[in-house]
Amino acid sequence: MTMLKEGRPTTPQALTKADSAPATATGNRALMLEEALIFEIGSTETTGVDFAEAPEVASRLGDLARTDSIGLPGLSEQETVRHYTRLSRQNYAIDLGLFPLGSCTMKHNPRLNEKVARMPGFADLHPLAPQSTVQGALAVIHELAAWLVTLTGMHSVAMSPKAGAHGELCGLLAIRAALEARGDARSVILVPESAHGTNPATAAFCGYKVEDIPATPDGRVDLEALKGRLGPDVAAVMITNPNTCGLFERDMKTISDAVHAAGAFVYCDGANFNAIVGRVRPGDLGVDAMHINLHKTFSTPHGGGGPGSGPVVLSEALAPFAPLPFVEKQGDKFVLVEEETAEDHHGQTFGRMVAFHGQMGMFTRALTYILSHGADGLRQVASDAVLNANYILRSLDDVLDAPFGGSGPCMHEALFSDKGLAEGFTTLDIAKGLIDEGFHPMTMYFPLVVHGAMLVEPTETESKAALDQFILALRSLAERAKAGDEALKGAPYFAPRRRLDETLAARKPVLTWTEPALAEAAE
Ligand SMILES: *Cc1c(COP(=O)(O)O)cnc(C)c1O
């Protein structure tokens, strides 16, 4: 068996050996502990807490009142802790290693953010507390808003949307309100092929007809096709910039000018803002609305780690239609404007998107991140994000096809395709191999414009040593897939579960824990 410098076994023989190790009676393998579903190990008779018998109260639900148990399994406190701790050890996390998911910006969440968010003055606030008692929290929202407006060169910002896709909804509702206000009903939203999937979904959710704009061979919006389609029925264009091919849309200003000339609005998907923060201001490019994912660019945890937050910056034309509530500074006081009054100067809000003010915990973390970096540090973020992605692109473009490698440097993500892999080998095999190498797989089969796409976003927070380790793994897998190494088709060998039958899982999902369903699933 050959060993890499790092001591990782790589040959098929090594893999087969581990695979054929004798089974243990428990299914556990030392520190890798098996864990059954909670519905298999728990019982409705058990509970980890000792409540006094609830007093009888008259039900006001009438016939709707439930008379039987809903069958939730109970465990003792220790069993509960072990159950979730064991499951958590089978999971991958940014605190364990590099998370190359393209378009997700899975980067380090600085611990300083957590420390500040946990300060009792922030953590213990109630959203209904009187405004005079939460002036500090309102000041945080106000200051973060000012940073976002400055960094994007836009007119104002709606802070309440709770994720990127929610921000897209906010932007489109503002655009619709602006069009309705001028009595201009328009029905179509144009979405380039290189846009994120949430863009057409949002447009359709808002009741618009979605039309594709093709990409050019170099991975950018086809400007002529876009111009050719603009007309009085087009409400807006939704452009992801940098786009999901990892490229900057160089014609953005020309696009915006053409869209505005046709009476429509420009929505920019700003999820990839970490690639341009401090370097480009979307406001200068003619953008009317853009969401910012605080959980991506500004390092607040996401995925299993926490909720998202998607403030939307708005142009002067859209600002009057922004949602409620918003924070305003009046004299030396911060005021949460919850309702627009007749004499209000803000105009025609489209309404409210959330019950309260947005994701306060994420505002606190994002502002901590911004202040700890400062303007110069944020500029450095963009440089490092782009440098790291180009390092990966150029370190691997001799073994993996880079479809837009000839279009110049990439932005924050490196895009590869499955072209050149041996017959029968796919992007999926490489992704499964990465699991054995101790990495979360990259984004697969997205963007759709590239066959067998592998989209890698290392982010700015990875060191050169971490990138080199990842490159070593991906290079080895690419070489094996090109050489037709059959053993790769069996990966992952070392994960808690082997390769799943994805077709069966999609066609016959087991979504219930009843005994018969579990028995059938086990067959
Ligand atoms: C992540 C992402 C979104 C959606 O953001 P959520 O916060 O996950 O709703 C939209 N567009 C792009 C380009 C993204 O990367």
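How many residues of domain 1 are in contact with domain 2, and how many of domain 2 with domain 1? I will get to that after the layout. Please keep in mind that this is a predicted model.

The protein is divided into two domains: domain 1 covers 113–369, and domain 2 covers 379–497. Taken over C-alpha atoms, their centres are 31 Å apart.

Now the opening question. On the domain 1 side, 24 residues are in contact with domain 2, and on the domain 2 side the number is 20.

Next, the area. The size of an interface is often given as the accessible area lost when the parts come together. Here the two domains bury about 1700 Å² between them, with 56% of it on carbon and sulfur atoms. Within domain 1, the residues that lose the most area to domain 2 are Cys245, Asn274 and Arg279. Together these three make up 29% of what the domain 1 side buries.

What about specific pairs across the interface? The rule for salt bridges finds 0 between domain 1 and domain 2. Polar contacts between the domains come to 7 residue pairs, counting pairs with both residues at pLDDT 80 or more. As for the residue types, the side of domain 1 that touches domain 2 has 10 nonpolar, 9 polar and 5 charged residues.

Last, the annotation. An unreviewed UniProt entry lists residues 384–482 as "domain: Glycine dehydrogenase C-terminal". In the model, that span is 42% helix and 8% strand. The C-alpha atoms at the ends of residues 384–482 lie 31 Å apart.

That is what I have for today.

Terms used. Residues numbered from 1 in each chain as written. Predicted model: local features only at pLDDT ≥ 70, side-chain atom pairs only at ≥ 80, totals over all residues. Heavy atoms only, no water. Domains from an automatic or database assignment. Contact = heavy atoms within 4.5 Å. Buried area = accessible area lost by both parts, 1.4 Å probe. Salt bridge = Lys/Arg side-chain N within 4 Å of Asp/Glu carboxyl O. Polar contact = N/O pair within 3.5 Å; in protein donor to acceptor, adjacent residues only side chain to side chain. Nonpolar A, V, L, I, M, F, W, Y, C, P; charged D, E, K, R; others polar. UniProt positions renumbered as here; feature names shortened; annotations may be inferred. Helix = DSSP H or I, 4+ residues; strand = E, 2+ residues; numbered from the N terminus.
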